[in-house]
Amino acid sequence: MAIIFTLRQAIVFGLLDFTRMPRLDWSYMIADIQQIEAHRPALTGHCYRMLGSVVDADDATQETIIRAWKNADQFDGRAALLTWLYRIATNVCLAELSHRKRRARPMEDRPAGSPADALVEHARTHWIEPIPDRRAIPVDIDPSEHAILRQSIRLAFVAALQSLAPKQRAALLLVEVLGWSVAEVAETLGTSVASVNSALQRARATLAGRNWRAVPSELTKSQEQMLNRYVAAFESYDVDQLVALLRDDAAFSMPPYTLWLQGPESVRAWLLGMGAGCRGSRLLASAACGSPAFGQYKADPVGGHKPFALVVLELSGDHIAGWHSFLDTQTLFPRFELPLHLPA
């Protein structure tokens, strides 16, 4: 949601100090608010890569904007406004990471399970959450930058990032994703160039051993056709057609449950067993983490359909490599602007 500060709100939040600004030019300040607000998607994307949560990213971005207002006199114009805001956002995220554990996906936590295993929940704050593309990627950027930013919010990449120490994570993102120089990163992190180079070396080595792969930025025609088959098979609940779309080592997860499954046969057994309650579902297309996504709605006993999961699909060629159903619809559906009920 866009921030619009009234005079009263600005005073309450401590953003205005009348002893330092006796002759305020309100037209200039309104323009300045709009300039900062224009960078919200870029800041949210950066915070998401650092924190692995759409909720935490929203909070960190809000804190970044408030800190920017409180310290507006420190912006000397030598760097671009967005660069200055990125510095604030990075330090906000590092402060957050200093007092909480890393987020993960079920496959980073434990070996693949069995369709007969009991379902055990873990707290929402333990899991990586998906983010809508539109909240994390600015629209007014060139195609090459768009491709880089889209790749950098993939679930597998964000999960791999969480394995890095916080300052390693920050250094890698600032250099590899945002294109900063090592000297700029050292200034932001309050450390030496040698320390940043060392952090980058360790971060790159760690990521090289993680199970993630870059994928093409845009869907091919055959992938679009495959997704159409997925929707048709899901809504008709043709399980054989669904599992035929899965890669042999496809992962299937359902946060906040710890259980995850691997391979078409396990997924097939689940869909015909405990997952059979999904029969009769409807899907609404969306986009999350640079990947195809769908709002899944189950039949509502009182009529129509109610939210059940935010499904994010990871593709590999013309097959599905990851099928992740995030069940916290109360948190996710409003952020994805998905309706909270579908009529019959």
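This is a predicted model: local features need pLDDT of at least 70, side-chain atom pairs count only at pLDDT 80 or more; totals for chains, interfaces and linings use all residues.
Residues are numbered from 1 along each chain as its sequence is written, and side-chain values use heavy atoms, with hydrogens and water left out.

**View 1. Six strands line up in an open sheet with mixed pairing.** Going across, the order is E2-E1-E6-E5-E4-E3. Strands here are DSSP runs of E with at least two residues, helices are runs of H or I with at least four, and both are numbered from the N terminus. Two strands count as paired if DSSP finds at least two bridges between them. Strand E2 (260-262) and strand E3 (282-288) sit at the edges, each pairing on one side only. On average, neighbouring strands are turned by 20 degrees against each other, direction ignored.

**View 2. Strand E6 and its two partners.** Strand E6 (residues 319-326) is mostly covered, with seven of its eight residues buried; buried means under 20% relative accessible area, exposed over 50%, and partly exposed in between (1.4 Å probe, protein chains only). Strand E1 (residues 246-253) runs parallel to E6, joined by four bridges, and here phenylalanine 252 has tryptophan 323 as its bridge partner. With strand E5 (residues 305-316), E6 pairs in the antiparallel sense over seven bridges. E5 and E6 make a hairpin with two residues between them, and glycine 317 in the turn has a positive phi of about 60 degrees.

**View 3. The E3 end of the sheet, and the helices packed on the sheet.** E3 and strand E4 (residues 291-299) run antiparallel, joined by seven bridges. Look for arginine 282, whose bridge partner in E4 is tyrosine 297. Helix H13 (residues 221-235) packs on the sheet and touches E3, E4, E5 and E6, its direction making about 145 degrees with that of E5. Helix H15 (residues 264-272) also packs on the sheet, touching E1, E2 and E6, at about 45 degrees to the direction of E1. Contact means heavy atoms within 4.5 Å; axes are lines fitted to C-alpha atoms, for helices over the stretch in contact, and angles run from 0 to 180 degrees between N-to-C directions.

**View 4. Helix H11 and its buried face.** In helix H11 (residues 182-189), Val185, Ala186, Thr188 and Leu189 are buried. Down the axis of H11, these buried residues fall within an arc of 165 degrees, so they line one face of the helix; the arc is taken from the directions from the helix axis to the C-beta atoms. They pack against helix H5 (81-97), helix H10 (166-177) and helix H12 (193-208). Just after H11 comes glycine 190, with a positive phi of about 65 degrees.

View 5. A salt bridge is a side-chain nitrogen of Lys or Arg within 4 Å of a carboxyl oxygen of Asp or Glu. Arginine 103 forms one with aspartate 56, the closest N and O atoms being 3.3 Å apart. The two are 47 residues apart, with arginine 103 in the loop between H5 and helix H6 (106-109) and aspartate 56 in helix H4 (residues 54-70). Both are buried. Arginine 335 bridges to aspartate 58, at 2.9 Å between the closest N and O atoms. This pair is 277 residues apart, linking helix H16 (residues 329-335) to helix H4.
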